[in-house]
Amino acid sequence: MELSDGLRNECPSLLSALNTYATKGPQGTQYFDVRNSLDPSLYRSAWAVIYLTRTGEHLDPALKDELTSFFRGVLGKAPTDLTAVSEPPLQAYDLAARALDALETTPDPTLPDLSTLQHGAGYALSPTDEPSDFGTYLASGLTSDLPAEVSADIAAKLSALSPSATVQEATDSVTVMLTALNVLGADTVRSRAPWLRDSTRAWLADVISSGSDVVQISLASDFQTILRALDAQVEVPQSWQHDVNSTIANLSSSVTGIDPQLLVVADRAGVDTSPIQMSGSDIPGLGPNGWTGDILKPSVESTFAAMQVVQQCEGRDSQRMNDLRASVPRIISEVPADEWTPRRLYMASVLQGLDALPELAVQDLRSRVETVASRSEPFSAPDALYLAQAAQNLSLDLPTPPAGNAESTIPIAKPLATMMAGGSEFDSSAFSTDDGRYSSWQGAAADLYATASATCAEGVAAQDRRELIASFQVAPGYFALAEKSASTISTLALGALGLADTPDCLGTLAQY
């Protein structure tokens, strides 16, 4: 297709950004949304890096730099300042340090001061927690300079372990064994617990014979780590390896896919995970700064936003649109009957226009429109417009066209929808800002939604509109809703629509 002037140079980065929100499945490519594509998740980014570097995949240099800066930033914060990550401080430090080690960054990162996490002979996950064996284990992996009382406590706990312990008793003490190897060293552990190698082999055999669920995989990984430190790693049965790979594949999320941490843990347990090996592009949610968290379930809204981007850049007949089209029936069928809103019905009616739905599903959508239109409560101007357009898209005559008398959730949407429906002209003075952009609320800062919707409805010249839209771009292909605000699949769609020569004004208005 022939691209407009505003999109010719931008579409490669727009489509690349769209991959952040894509996940491939048996029913085509589904598109989800995230809270903020610019905000990386420590857990997802760290484990993605650890896994990918173990498989030998080379990260893009720019991404590697961003991730390095992110992980160093975590280590550079005091425990009380680590509010931007969901993990307790000690776990956050551990993840960041492991990821930096996997990236082989130089110089070595400056490690945080752990003194506020030490309580007596142990370490706590956060300053307000009680000390635990797990906390002490994490601390022992971050620094070799532990206080003497901590080292003495670990040595005492190692001496208290029994060579005849059951696998359940060993499970309760495995963290102490791992910590002892970190703190005392393998040679000291061998001399103080010469039985540990043979006992650990027996425990590992018991774990493998008991099953292949996540608990068994994790325990096997810990026991193999102990044996590896003692130069005695065991080769696990092929049948168990196959069962573990099946477990991991079965736990794969329909949205986020396989958790890279599971693959790393399985690999440490001695499992050949190559049958289910992933590349970086197979791990959904990769934004410009790392892998994002808070991934939301694919929806009509996120699919509609993705469709707008693909349609602007590649048209209706591209392979990407075909893959999206294949996911539409399932997305629409999963909407509960009581969650159909005028806006969602409008979006679904546009998606069915891709010839994506069987006739029975189209009939069901028509019925949904009639049901919603017959409600007694008043509609806002945008909702009335969405219902009317949904009915038109579905070749449906509504006995009583909906009237938009109620207030809109977003103030600027009411006058814009009224004008689009053929009513009074839009008075831009109430929502315009000094720099020519628009805000959704009177007197508020400019935002992308209001600017894209108002400039489209007012027919602002394409070049002028593109300059205003470009001011919200925060990275190639990524747009923020407002200054220091989130970047989502909806802001991506607003960017693509706003940069086009002839944007879809109603499709723009419907993004929020």
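The legends below describe close-up views of a predicted model.

Residues are numbered from 1 along each chain as its sequence is written. In this predicted model, local features need pLDDT of at least 70 and side-chain atom pairs count only at pLDDT 80 or more, while totals for chains, interfaces and linings use all residues, and side-chain values use heavy atoms, with hydrogens and water left out.

**View 1. The protein as a whole.** The protein has 23 helices and 10 strands; helices (H or I, at least four residues) and strands (E, at least two) are DSSP runs numbered from the N terminus. Its C-alpha trace spans about 85 × 50 × 45 Å along the principal axes. Of the 512 residues, 51% count as buried. Buried means under 20% relative accessible area, exposed over 50%, and partly exposed in between, computed with a 1.4 Å probe on protein chains only. Among contacts with a separation of 6 or more, 70% are between residues 24 or more positions apart; a contact means heavy atoms within 4.5 Å.

**View 2. Helix H5 and its surroundings.** Helix H5 (residues 89-103) has 15 residues and reaches 21 Å from its first C-alpha to its last, close to the 21 Å expected at 1.5 Å a residue. The expected span is 1.5 Å times one less than the number of residues. Because 12 of its 15 residues are buried, H5 is largely enclosed by the rest of the structure. The buried residues include Tyr 93, Asp 94, Leu 95 and Leu 100. Packing against the buried residues of H5 are helix H3 (42-54), helix H4 (61-75), strand E4 (122-123) and helix H6 (133-142).

View 3. Thr 106 and Pro 107 are joined by a cis peptide bond, with omega about -5°. Pro 107 lies in the loop between H5 and strand E3 (118-119).

**View 4. The largest pocket.** The largest pocket holds about 1,300 Å³ of space. Of its 39 lining residues, Trp 47, Asp 94, Arg 98, Tyr 137 and Arg 268 are the closest to the centre. Two or more lining residues come from each of H3, H5, H6, helix H8 (167-184), helix H11 (214-229) and helix H13 (260-268). H5 gives the largest share, 8 residues. By class, the lining has 20 nonpolar, 10 polar and 9 charged residues. Here Ala, Val, Leu, Ile, Met, Phe, Trp, Tyr, Cys and Pro count as nonpolar, Asp, Glu, Lys and Arg as charged, and the others, Gly among them, as polar. On a 1 Å grid over the protein atoms alone, a pocket is an open set of points where a 1.4 Å probe fits, with protein on both sides within 12 Å along at least five of seven lines; lining residues have an atom within 4 Å of a point. Grid points are joined across faces, edges and corners, and a volume is the space filled by probe spheres set on the points.

**View 5. The second largest pocket.** This pocket has a volume of about 900 Å³. Asn 19, Thr 20, Ser 281, Ile 283 and Leu 286 are the closest to its centre, out of 40 lining residues. Elements that give two or more residues to the lining are H2, strand E1 (22-25), strand E2 (28-31), H4, strand E5 (286-287) and helix H15 (319-333). The lining divides into 16 nonpolar, 18 polar and 6 charged residues.

**View 6. The nonpolar cores.** The largest nonpolar core has 82 residues, of which Leu 18, Trp 340, Val 369 and Ile 412 touch the most other members. Helix H14 (residues 300-314) gives the most to this core, with 8 residues. Beyond its neighbours within four places in sequence, Leu 18 is in contact with residues including Tyr 31, Ala 306, Val 309, Val 310 and Ile 489. A second, separate core of 81 residues includes Leu 95, Leu 146, Leu 196 and Leu 263. A nonpolar core is a set of buried Ala, Val, Leu, Ile, Met, Phe, Trp, Tyr and Cys residues joined through side-chain atoms within 4.5 Å.

View 7. Asp 294, in the loop between strand E6 (290-291) and H14, has a positive phi near 55°. Asp 294 is exposed, with a relative accessible area of 54%. Ser 395 is found in the loop between helix H18 (381-393) and strand E8 (404-406), and its phi is also positive, near 55°. At 65% relative accessibility, Ser 395 counts as exposed.
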